[in-house]
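Colleague: I would like to go through this structure with you, one topic at a time. Where shall we begin?

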Amino acid sequence: MKLEGHAELPYEAAQVWSALHDIDILVKVIPGCKSMVPDENGGYKVTLALGVAAIKGEYEGNIRVTDAEFPHHYILNAEGAGKPGFVNMEVDCHLEPASAGTLMRWSCDANVGGLIASIGGRVMTGISKHLTREFFKDFIDEMGNHFGPRQN
């Protein structure tokens, strides 16, 4: 499954970068995130509780950031599994200056299997877009709590 999108973030790129790499912020804004702890390999162990359509479950996985070029680009590699199935994904993230702060462009290649794959690509795409909107809304709100009012 391929997904891509963008988000306009009303903060400087360095602030956005900092927030995107802050465990305390990410645990609050990633839908269903229960925990995120650094691992011995420079990545993170993550536990999520999510429901996809009628299929609900807990997932455990790993996240690693690669190809980091502060504050403009990084690749997020994630893999996770639970009773409902598994997901492996790579998200290519680009941050660039914009008139209202920072534009984040991203593209994601995801491989989903098990019971969650049975709900179909169109439904998965819709759910993924909903979770992405929820993430960015909460992310902007949480940035406000850490960095103060939005840039005008």
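Modeller: Let us begin with a definition: a residue counts as buried when its relative accessible area is under 20%, and as exposed when that area is over 50%. Please keep in mind that this is a predicted model.

Colleague: With that cut-off, is Phe135 buried or exposed?

Modeller: Phe135 has a relative accessibility of 14%, so Phe135 counts as buried.

Colleague: How many aromatic pairs does the structure hold?

Modeller: There are five aromatic pairs in the structure. One of them joins Phe135 and Phe136, whose ring centres are 5.0 Å apart with the planes at 80°, so this pair is edge-to-face. Another is formed by Phe135 and Phe139: the ring centres are 5.5 Å apart and the planes lie at 15°, so these rings are stacked.

Colleague: Where do Phe135 and Phe139 lie?

Modeller: Both belong to helix H3, which covers residues 121–147. Four residues separate Phe135 from Phe139, about one turn of the helix.

Colleague: And is Phe139 buried or exposed?

Modeller: Phe139 is buried, its relative accessible area being 0%. Phe136 is buried as well.

Colleague: Which residues do ring pairs link into a cluster?

Modeller: Trp17, Phe70 and Tyr74 are linked into a cluster by ring pairs.

Colleague: Let us turn to helix packing. At what angle do H1 and H3 pack?

Modeller: Helix H1, residues 13–20, packs against H3 at an angle of about 110°, and the two axes are 11 Å apart. Angles of 65 to 115 degrees count as roughly perpendicular, so H1 is roughly perpendicular to H3.

Colleague: Which residues make that contact?

Modeller: H1 contributes Gln15, Val16, Ser18, Ala19 and Leu20, while H3 contributes Phe135, Phe139, Met143 and Phe147. By class, the contact of H1 with H3 has seven nonpolar residues, two polar ones and no charged ones.

Colleague: What about Thr102: in which strand is it found?

Modeller: Thr102 is in strand E7, which spans residues 101–113. With a relative accessibility of 1%, Thr102 counts as buried.

Colleague: Which backbone oxygen lies 2.7 Å from a polar atom of the Thr102 side chain?

Modeller: That is the backbone oxygen of Tyr11. Setting aside residues up to four places away in sequence, Thr102 touches several others, including Val16, Ala13, Leu95 and Glu96. Val16 is also among the H1 residues in the contact with H3.

Colleague: Moving to His73, what does its side chain make a polar contact with?

Modeller: The side chain of His73 makes a polar contact with the side chain of Asp92, at 2.5 Å. His73 is part of strand E5, residues 73–82, and its relative accessibility of 11% means that it counts as buried.

Colleague: Which other residues is His73 in contact with?

Modeller: Apart from neighbours within four places in sequence, the contacts of His73 include Trp17, Asp67, Ala68, Cys93 and His94. Trp17 is one of the residues in the ring cluster.

Colleague: One last topic: where is Asp22 found?

Modeller: Asp22 is in the loop between H1 and helix H2, which covers 23–29. Its relative accessible area is 22%, so Asp22 is partly exposed.

Colleague: What does the side chain of Asp22 reach at 2.9 Å?

Modeller: It reaches the backbone nitrogen of Asp24.

Definitions and conventions:
Residues are numbered from 1 along each chain as its sequence is written. This is a predicted model: local features need pLDDT of at least 70, side-chain atom pairs count only at pLDDT 80 or more; totals for chains, interfaces and linings use all residues. Side-chain values use heavy atoms; hydrogens and water are left out. Helices (H or I, at least four residues) and strands (E, at least two) are DSSP runs, numbered from the N terminus. Buried means under 20% relative accessible area, exposed over 50%, partly exposed in between (1.4 Å probe, protein chains only). A polar contact is a pair of N or O atoms within 3.5 Å; within protein, one must be able to donate a hydrogen and the other to accept it, and residues adjacent in sequence count only if both atoms are side-chain atoms. Contact means heavy atoms within 4.5 Å. Rings of Phe, Tyr and Trp (its six-membered ring) pair if their centres lie within 6.5 Å; planes under 30 degrees apart count as stacked, over 60 as edge-to-face and the rest as tilted. Axes are lines fitted to C-alpha atoms, for helices over the stretch in contact, and angles run from 0 to 180 degrees between N-to-C directions. Angles under 35 degrees count as roughly parallel, over 145 as roughly antiparallel, 65 to 115 as roughly perpendicular and the rest as oblique. Ala, Val, Leu, Ile, Met, Phe, Trp, Tyr, Cys and Pro count as nonpolar, Asp, Glu, Lys and Arg as charged, and the others, Gly among them, as polar.
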